[in-house]
Every structure is written in C-alpha cells, then in structure tokens.
Amino acid sequence: MLEYILSPSNLNAAYLQVKCNKGAGGVDKMEVESLKDYLVSHKDELITSILQGKYRPNPVRRVEIPKDNGQKRQLGIPTVVDRVVQQAIAQILMPLYEPQFSDHSYGFRPKRNAHQALKKCRDYITEGNGYAVDLDLEKFFDKVNHSKLIEVLSRTIKDGRVVSLIHKYLNAGVQVGGNIEASEMGVPQGGPLSPLLSNIMLNELDKELERRGHKFVRYADDMVILCSSKRSAERVMGSIIRFIEDRLFLKVNREKSQVAYISKIKFLGYSFYKAKGEGRLRIHPKSVSKMKAKLKELTARSNGWGNDRRKESLRQYIIGWVNYFKLADMQSLLLRVDEWYRRRIRMVIWKQWKRIRTKLTNLVKLGAEKPKAREWANTRKGHWHIANSFILATTITINRLRQAGYVFLSDYYQKVRIKT
C-alpha cells in the first residue's frame, strides 16, 4: 500500500489538491507557492526516507479560531510538505474505507453534505420520533485515543509501514508559541488526514448504533439520535455514553449533551418542528443572532469601506448564508430581518451624505418636498434614529436599494427555497 501512496500519479494529485486548497504555511514557514520547487528538488529524498521508515513529520503549528459560543477552536496547521503526504495517504485510504462507513454519516465524505443529514432528521421526525439525544463529544479532535485509533486502523490497513507513518503524524507534536509540545492524544484539525481519521474512529460508534437499531444522523463529531419518547431517549443516552467512554475512550460533555424535544435542539445550525404531522426545519435562534451580528459588522458606519466593496461583501455573505439555510421555513423571519437590515443601510447612506446641503439636495432628488427635506436635513437626531424615519423610508426605498445593487435575504430566499 505504501508504494501506491508514493506513486507519481497519486503524489501529483495530492500536490495539486494542496495547491488548490492554498492555506497558511506550517512551522517551517514554507508557503504553497514554494512547494513545487521544493518537491522537484527533494522528491526522491522524501520518498526514500518514507519507504525506509526514517521520515519524521514536522510538528503542527497551533492556531486558534473563534467558535460560535465565544470559545476558541484549536487548529493544527501541518507544513505544506506534510500536507502533501497526508493528502496522498487520504486519497488511497478513502476508497478503502468509504464502503465500510455508515449511511447515517454525512460529514467529510464524497457526495454527502449537511443538507442530506438534515433531510434525514426531518424524515425520522415525520415517522414519529419527536425526542432527540443531542450528544456533545468534548473536544473530540483533541481527545482521540491514539492506541484505539491505531487498533481500528490495523483491522483494515495490513501494511504496517502505512500504520506506522500515520502514527508518526499523530505523535508529531504541536508548536505553541516557541515551544514544541507532545501530542499524546488527538487528531489535530487542519490537516488533510484528520477528517478521514475522525470518521474511521466514529464509524465504531455508528456501527454500534446500527447494531442496536437506533435512528441517528452524524455529521463529523456532531450527532443526534431520534427517539419516539423522552423515556426511551434518556435510556439510549445513558447506554451510549457508557459505550463512548468505556469502549472508544472518548469524553462526553454531559453539560452540553441533553435529551430534549426536537424544537429545543440545535443541529448544523438548524432546529426542527412538526406541522400537520410532518417534520419541518427552521433556523435556530443562535444562527439568526450570528447572522445579524455579521450583517451589523458589514454595515458598520466606521469601517471605511466604499459602497461597491460593502455591496459585494453583503451580496457574497447573504447568498452563501441563504443557500446553506434554504431548507428552513423562514420567510417571515427574513422579512423582519430585512426591515432591520434596510435601516442599517439607510443609516450608512445618511452618514455618507454628511453636510446639510448634501442631505437637502439628495432628499429632494429622491422625491421629498423641499420644506420637509430642509427640516430633516437640519435635524440633530442620531443616524440610527433618522434611518427609521418616514422621510428616509419613502425616499431610500427598498426598490431603490435593489436597483443600487443591494441583495436582500427574503428576495434571494424566494429564488432558492426548497419547497418540500
């Protein structure tokens, strides 16, 4: 198997994928742009050292990115050379493991996505499963037990050299500041291999849940089990936690894990409800809050952006956001958000006009009567207050904003919404 991983065609495909993904450099500070020249000069040396078992991966570079809950998610960025080797391993292992994976698993897999996972949940709810076991694996990517993972890998991978190479990546260490820390557990997020290894590990849980006949959906380390009653959900939760902790040596966060009615849980940014006996999807309140915070950031009065940049940034964000949440029933919600969002845009425009003469000229040009325009042009009230005034609502109208190039959530949702 190692020879297949290191074959010219596989390594070239891995290089092209790493180049396409771009991304920051690792501890050696080599960037993707320098990768081709390095590989041309050192390819034979790299391949020989791996075949002889002498290759030692570099530690990953620790970076932190903010999570929705205000905490930080830790990523480990491998060097670009190590990313190529990891990608080459993943390309050979993926076809080997894909047939073994559960139909209930949707994350980091070809031709599978979050929307499919959400539709499956909706189907289970329609079948009468109104209670959910919402499991939170505590810092899953940081807590994976290396010995257990190697044991699971060895069942399928019969080339010990490949298992040994993966083990070296697991033990490569982490650079935090100027210090190198040992990595005795965990699969650092950030490398091409970690999503596949996480699925291989959690496939053990999938198989156990299937053996017990449970209805569940998993996306990476985010999982929900649907049950017909609260009592059965509580019973399932207790037994599955024991399996996860005693057999897989993972940690369940009991404070964040819960048994709840479907409307009370958050899964992939969505929540659920029933209407006329059918499972339906709605957007979770936390996802709404996060979206409004982003729109507020993009329409800040003091970010120094020009109108073209602001419009383009808003267009890209709104189109991406609506395309992800288009499964949800949210037309009335988006109409309310759009009303607030238009007020934010009017606030920015009013501030841009600055001078009394400019305000007067523009209000008259947009159809306001001159006495009324003069009155409002001279007002000392704040930008946010004026943005909600009758004078701006009837001059800077939604149609004029559309013509100016602003995209609105409810408009785009009507174009792409999934009617099921």
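Biologist: What places Ala13 in a helix?

Modeller: Ala13 lies in helix H2, residues 8-21. Helices here are DSSP runs of H or I with at least four residues, strands are E runs of at least two, and both are numbered from the N terminus. This is a predicted model, in which local features need pLDDT of at least 70 and side-chain atom pairs count only at pLDDT 80 or more, while totals for chains, interfaces and linings use all residues. Residues are numbered from 1 along each chain as its sequence is written, and side-chain values use heavy atoms, with hydrogens and water left out.

Biologist: Why does Ala13 count as partly exposed?

Modeller: Its relative accessibility is 34%. Buried means under 20% relative accessible area, exposed means over 50%, and partly exposed is in between (1.4 Å probe, protein chains only). Ala13 at 34% is therefore partly exposed.

Biologist: What makes Arg155 and Glu204 a salt bridge?

Modeller: Their closest N and O atoms are 2.9 Å apart. A salt bridge needs a side-chain nitrogen of Lys or Arg within 4 Å of a carboxyl oxygen of Asp or Glu. So the pair qualifies. It links distant parts of the chain: Arg155 sits in helix H7 (residues 146-156) and Glu204 in helix H9 (residues 194-211), 49 residues apart.

Biologist: Are these two partners buried or exposed, or in between?

Modeller: Arg155 is partly exposed, at 41%. Glu204 has 12% relative accessibility, so Glu204 counts as buried.

Biologist: How do you know that Arg212 and Glu208 form a salt bridge?

Modeller: Their closest N and O atoms are 2.8 Å apart, so the pair passes the salt-bridge cut-off. Arg212 is partly exposed at 31%. Glu208, at 10%, is buried.

Biologist: Where do Lys294 and Glu297 lie?

Modeller: Both are in helix H11, residues 285-298. They are 3 residues apart, about one turn of the helix. Lys294 has a relative accessible area of 28% and is partly exposed. Glu297, at 48%, is also partly exposed. Elsewhere, salt bridges that share partners join Lys148, Glu151, Arg155, Glu204 and Lys207 into one network.

Biologist: How many salt bridges does the structure hold?

Modeller: It holds 18.

Biologist: How many disulfides does a search of the whole structure find?

Modeller: It finds 0. A disulfide is a pair of cysteine sulfur atoms within 2.5 Å. For Cys227, the nearest cysteine sulfur is that of Cys121, 12 Å away, and Cys227 is in no disulfide.

Biologist: Why is Cys227 called buried, and what makes Cys20 exposed?

Modeller: Cys227 has 6% relative accessibility, so Cys227 counts as buried. Cys20 has a relative accessible area of 57%, so Cys20 is exposed.

Biologist: What share of the chain is buried?

Modeller: Buried residues make up 48% of the 420 residues.

Biologist: How many helices and strands does the chain have?

Modeller: The chain has 19 helices and 10 strands. Its C-alpha atoms fill a box of roughly 85 × 60 × 35 Å, taken along the principal axes.
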